[in-house]
Amino acid sequence: MISQPRRHRRRPSLTPLIDIVFLLLVFFMVASRFGLEGAVPLPLRGGNEVQSAELHVIRISPDLLVYNGQRLNAQELVSTLTHVQAERLIMRAMDGADVQTVIDVAALLTDNGFTNLVLVE
């Protein structure tokens, strides 16, 4: 009887497993978001709840801003509103205006010192 040489069991290599784990770790670190999201606090009111002696209504549409019937761009709006710093500004999104446009207008107003903003439906 011819004896065959004993085969040594091969141990599985852990190197590819470790490489994959590190690649997944790097992927999730790069793909995740760090830090807090920016937020513009806006009190939300129903359409009939806002009543004042003088209303300051900003209608926001996709391509223009209308303040009390007057068409303005963003910088003209800020310069027009300088006399109403303490008053409540009512923002109303018109048909076709997306959320980002409303947030941009709200951020522009809060950056220029307007803190009393109300978003109505």
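Helices (H or I, at least four residues) and strands (E, at least two) are taken here as DSSP runs, numbered from the N terminus. The model is predicted, so local features are given only at pLDDT of at least 70 and side-chain atom pairs only at pLDDT 80 or more, while totals for chains, interfaces and linings use all residues. Residues are numbered from 1 along each chain as its sequence is written, and side-chain values use heavy atoms, with hydrogens and water left out.

**Overall layout**

The chain holds 3 helices and 6 strands. Along the sequence they follow the pattern α-β-β-β-β-α-β-α-β. Of the 121 residues, 25% are buried; buried means under 20% relative accessible area, exposed over 50%, and partly exposed in between (1.4 Å probe, protein chains only). The chain exposes about 9,800 Å², and carbon and sulfur atoms supply 56% of that area. Accessible areas come from the Shrake-Rupley method with a 1.4 Å probe; for residues, only the protein chains shown count as cover.

A contact is a pair with heavy atoms within 4.5 Å. Among contacts with a separation of 6 or more, 69% are between residues 24 or more positions apart.

**Helix α3**

Helix α3 covers residues 99-111, 13 residues in total. From its first C-alpha to its last it reaches 18 Å, close to the 18 Å expected at 1.5 Å a residue; the expected span is 1.5 Å times one less than the number of residues. Its buried residues are V102, V105, A106, L108 and L109. These residues lie on the same side of α3 because they cover an arc of only 160° around the axis, where the arc is that of the directions from the helix axis to the C-beta atoms. On the other side of α3, V99 and D111 are exposed.

The cover over the buried residues of α3 includes β2 (56-60), β3 (65-67), α2 (74-80), β5 (89-93) and β6 (117-120). After the helix comes G113, whose phi is positive, near 95°.

**The largest nonpolar core**

A nonpolar core is a set of buried Ala, Val, Leu, Ile, Met, Phe, Trp, Tyr and Cys residues joined through side-chain atoms within 4.5 Å. The largest one has 17 residues, of which I58, I60, L77, L81, L89, M91 and L109 touch the most other members. Two or more residues come from each of β2, β3, β5, α3 and β6. The most come from α3, which gives 4 residues. In soluble globular proteins, nonpolar side chains tend to be buried together.

What does L81 touch, not counting residues up to four places away in sequence? L81 touches I58, Y67, L89, L109 and F114. Y67 lies in strand β3 and counts as buried, at 6% relative accessibility.

**Loops and pairs apart in sequence**

N68 is found in the loop between β3 and β4 (70-72). Its phi is near 50°, a positive value in a residue other than glycine. Most residues other than glycine have a negative phi. N68 is partly exposed, with a relative accessible area of 44%. G69 is found in the loop between β3 and β4 and is exposed, at 67%.

N116 sits in the loop between α3 and β6 and is partly exposed, with a relative accessible area of 32%. A97 lies in the loop between β5 and α3. Leaving aside neighbours within four places in sequence, A97 is in contact with I60, S61 and P62.

The table lists C-alpha to C-alpha distances for pairs that include these residues.

| Pair | Apart in sequence | Apart in space, C-alpha to C-alpha |
|---|---|---|
| N116 and I90 | 26 residues | 8.7 Å |
| Y67 and T80 | 13 residues | 8.9 Å |
| G69 and V57 | 12 residues | 8.8 Å |
| A97 and L64 | 33 residues | 9.6 Å |

**Aromatic rings**

A search of the whole structure finds 1 aromatic pair. F27 and F28 form this pair, which is edge-to-face, with 5.2 Å centre to centre and 70° between the planes. Rings of Phe, Tyr and Trp (its six-membered ring) pair if their centres lie within 6.5 Å; planes under 30 degrees apart count as stacked, over 60 as edge-to-face and the rest as tilted. F28 is exposed, with a relative accessible area of 54%.
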